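The following note sets out points for a colleague reading this model. It moves from the overall fold to individual residues.

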Amino acid sequence: MIVVAGEALIDLVPQGTGALAALTPALGGGPYNTAVALARLGSPTAFCSRVSLDAFGEALLERLRASGVDLSPVQRGPEPTTLAVATVGADGSAAYSFYVEGTADRLFTAPAALPSGTRAISFGTCSLVLEPGASAYEGLLRDAAARGLFTALDPNIRAGLIPDPDAYRARFESWLPSVTLLKLSAEDAEWLGGTPREWLAAGPAAVVVTRGGDGLTAYTRDGGVYEVPGERVEVADTIGAGDTVNAALLHGLAERDALGARAVAELGPRDWAGLLDFAARAAAVTCSRPGAEPPYAHELRP
């Protein structure tokens, strides 16, 4: 079982140009998309979050159920669902503004236990920024690492939600000793101001940096650098692409029985080439269709 911990929200996606373009609601949130993608790829997956009792919350849970995600760790609350208003650029890239005050997901509290058989847990995005839930997720991350679970972190920076960038950067660095796999975009890396080698020295067994259409690069503690190009595809938008990479990496590691720091260290060039290529192909499928629609396993078979 791989547990994905973090927010579920509604993306409001413009159906045209200009500030007053019609907005279409879409199910989203970085961790939410990761959970859907993992389940579609065939990994036993559970979602750990706090979801509203409103109609949006019900729709979010229904998609998880349809994808085969275990909902036993999900908490419910009467507060509204978080809204993210997306702006899609000419190149398909997405930017967001958020409506988060008093919403259900930021009131998350850490569960007493994770589902039986949990081998890994993934964190990221808004859930590690918005208090009081951020501290609860942070505590869950540290506890999972102390218990020997594989931990993955995708910071997926949303700068508009971070009132004190320097404080967030210091907090990010404090998480690294509890992280097995750090995955982030080149834009995230630039905003954070560090380097893969610096982050590896702080704790992770591997760091994977995504570079959009230019591909992915993995860095390992032994000095290894492994790179694959991006898959060429006609881009509808990039919503959910990074989340799909996150899911594909976790799924690929699970298939290789490599959900552990020692096992990651033992991966060779062929392993990393296959793992990164699989993630690049999965992300390309997501980019080829509007919204966060990650692929199913059968869509990625050679």
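1. Helices in this note are DSSP runs of H or I with at least four residues, strands are runs of E with at least two, and both are numbered from the N terminus. The model is a predicted one. On that basis the chain holds nine helices and 14 strands. Its radius of gyration is 18 Å, close to the 19 Å given by the globule rule for 302 residues, so the chain is as compact as a globular protein of that length.

2. Along the principal axes, the C-alpha atoms occupy a box of roughly 50 × 45 × 40 Å. Buried residues make up 55% of the 302 in the chain.

3. The chain carries 23 positive and 35 negative charges, whose mean positions are 5 Å apart.

4. The largest nonpolar core comprises 52 residues. Phe47, Leu64, Phe150, Leu253, Trp272 and Leu276 have the most contacts inside this core. Helix α9 (residues 269-287) supplies the largest share of the core, nine residues. Another core, of 39 residues, lies apart from it and includes Cys48, Ala144, Phe172 and Val207.

5. Which residues does Leu64 touch, not counting residues up to four places away in sequence? The partners of Leu64 are Tyr32, Ala35, Val36, Phe47, Val69 and Leu71. One of these, Phe47, is also listed with Leu64 among the residues with the most contacts inside the largest core.

6. Leu141 belongs to helix α3 (residues 133-146). Is Leu141 buried or exposed? Its relative accessible area is 0%; as this is under the 20% cut-off, Leu141 counts as buried. With residues up to four places away in sequence left out, Leu141 touches Phe123, Thr151, Trp175, Ser178 and Val179. Pro163 lies 22 residues from Leu141 along the chain, and the C-alpha atoms of the two are separated by 22 Å.

7. Gly42 sits in the loop between α1 (30-41) and β4 (45-48). Why does Gly42 count as exposed? Its relative accessible area is 53%, and the cut-off for exposed is over 50%. Gly42 and His298 are 256 residues apart in sequence, while their C-alpha atoms are 9.8 Å apart in space.

Key
Residues numbered from 1 in each chain as written. Predicted model: local features only at pLDDT ≥ 70, side-chain atom pairs only at ≥ 80, totals over all residues. Heavy atoms only, no water. Core = buried A, V, L, I, M, F, W, Y, C linked by side-chain atoms within 4.5 Å. Buried < 20%, exposed > 50% of the residue type's maximum accessible area, 1.4 Å probe, protein only. Contact = heavy atoms within 4.5 Å. Rg over C-alpha atoms; globule rule 2.2 N^0.38 Å. Lys, Arg positive; Asp, Glu negative; His and termini not counted. Charge placed at Lys NZ, Arg CZ, Asp CG, Glu CD.
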